[in-house]
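My notes follow in the order I took them.

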Amino acid sequence: MKLNRIYFVLIVFLPFLSQAQERGIPVYSDYLTDNLYLLHPSMAGASSTNKIRLTARQQWFDVQDAPSLQTLSINGRIGEKVGVGAIIFNDANGNFSQQGAYLTFAYHLALGGNWSDLNMLSFGLNVGVGQEKLDETGLVGGSNPNDPIISGGVQSDAYFNVDFGMSYYYQEFFAHFTVKNVIPQKRDIYFQNSPESAELTNQRQYVGSLGYVIAPNASDWSFEPSLMAHLKEQTREMNVDLNAKVYHDVDFGMIWGGLSYRRSLDGAEYDSGSGVVANQKLQYLTPFLGINFKNFMFAYTYSYQANSIVLSNSGFHQITLGYNFGGESDRYECNCPAINF
């Protein structure tokens, strides 16, 4: 009975836990809290100021070894056209963990001839290295010689990969597209000496987003609807985010916040208890709130899993701290707060 319950949890929640097991930085909602560079390498140096961002995310405080993620990033512009950046991260989910770092080079083109008019096309390249670990020392059967899949030790694997992206800004309109984990690679910590490993070398992902800032004349308020789509090539898993964000200018800086709704286009089948097979798709509701006080930024994000069957009701919490420096005299002449803080 206990084993059946374990299988049930794995079947129902595997689509929701897999984001923290993907190679590299998982795609969460960081981009909505003034951290677009964490998702799109083309945003390195795209903003009017240089940025430092520190994030800490924790899922399910009442669940032991629940997924968590910490990142530290910095990006800025060198001269008019070149952007650079760096990211380090630590990602953990139960017995799986990974640590890594990225270096970023970006190139920005002013299509309108004048930078302040903001008609900009940007390209970015991440070069990343990392190490992932699978700790099997505490798994049942780890020392059982009849179970060759579980080694009973700590398996580790180093990797190298690249991300490529591009962004376009025209006044209040913006669009981004990024390919993550471009180079196919084996993950031997899961499939050592297994024929399936040859079929699971592709960790490539595609992330695209677009939006528009609506700013009434002579108003301190602006509204930003946006859309983000995330596709994993190998498994064909796809999520879509629908976002609404509001900004309000104040004397000391800016207050902003909004709501995001994430929905997967595929789901997990399970027995609802009455003999009927049901299908549950991932659904997140994510409210977020942020404040810019002079050069400092603070944001809080809470994600609620809006499903009938959940592992925990405690939700996902994330805090983002930031500092902007340099470039105060180079602001764009548009209402584009995401890159004009």
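**Entry 1: the chain**

I began by noting that this is a predicted model. I then looked up the secondary structure and found 1 helix and 14 strands in the protein chain. The chain has 341 residues, and buried ones make up 47% of them. I also checked how far along the sequence the contacts reach. Among contacts between residues at least 6 apart in sequence, 59% join residues at least 24 apart.

**Entry 2: the disulfide**

How many disulfides does a search of the whole structure find? I got 1. As a reminder to myself, a disulfide is a covalent bond between the sulfur atoms of two cysteines. Here the partners are Cys334 and Cys336, with their sulfur atoms 2.0 Å apart. I looked up the torsion about their S-S bond, and it is about 60°, so this disulfide is right-handed.

Are the two cysteines buried or exposed? Cys334 has 15% relative accessibility and counts as buried, because the cut-off is under 20%. Cys336 is at 5%, so this cysteine counts as buried by the cut-off too.

**Entry 3: Ser122**

I went to strand E5, which spans residues 119–135, to find Ser122. Ser122 is buried, at 2% relative accessibility. Which side chain makes a polar contact with the side chain of Ser122? I found that of His108, at 2.7 Å.

Setting aside neighbours within four places in sequence, I listed the contacts of Ser122 as Ser42, Tyr107, His108, Gly165, Met166 and Ser167. I looked at Met43 as well. Met43 and Ser122 are 79 residues apart along the chain, yet their C-alpha atoms are separated by 7.4 Å.

**Entry 4: Asn292**

My next stop was Asn292 in strand E12, which covers residues 277–293. Its relative accessible area is 4%, so Asn292 is buried. The side chain of Asn292 is joined to the side chain of Trp256 by a polar contact of 2.7 Å. Not counting residues up to four places away in sequence, Asn292 touches Trp256 along with Phe252, Gly253, Met254, Met297, Asn324 and Phe341.

The largest cavity holds about 140 Å³ of space. Which of its 16 lining residues are closest to the centre? I noted Tyr31, Leu32, Leu36, Phe174 and Glu224.

Strands E7 (173–180), E9 (221–232) and E10 (238–250) are the elements that give two or more residues to this lining. E9 supplies the largest share, 4 residues. Sorted by type, the lining of the largest cavity has 9 nonpolar, 4 polar and 3 charged residues.

**Entry 5: a pocket**

Last, I looked up the second largest pocket, which has about 280 Å³ of space. I counted 15 lining residues, and those nearest the centre of the pocket are Ser48, Arg77, Gly79, Asp330 and Tyr332. By type, the lining of this pocket divides into 2 nonpolar, 9 polar and 4 charged residues.

Terms used:
Residues are numbered from 1 along each chain as its sequence is written. This is a predicted model: local features need pLDDT of at least 70, side-chain atom pairs count only at pLDDT 80 or more; totals for chains, interfaces and linings use all residues. Side-chain values use heavy atoms; hydrogens and water are left out. A disulfide is a pair of cysteine sulfur atoms within 2.5 Å. Buried means under 20% relative accessible area, exposed over 50%, partly exposed in between (1.4 Å probe, protein chains only). On a 1 Å grid over the protein atoms alone, a cavity is a set of points where a 1.4 Å probe fits but cannot get out, and a pocket is an open set with protein on both sides within 12 Å along at least five of seven lines; lining residues have an atom within 4 Å of a point. Grid points are joined across faces, edges and corners, and a volume is the space filled by probe spheres set on the points. Ala, Val, Leu, Ile, Met, Phe, Trp, Tyr, Cys and Pro count as nonpolar, Asp, Glu, Lys and Arg as charged, and the others, Gly among them, as polar. A polar contact is a pair of N or O atoms within 3.5 Å; within protein, one must be able to donate a hydrogen and the other to accept it, and residues adjacent in sequence count only if both atoms are side-chain atoms. Contact means heavy atoms within 4.5 Å.
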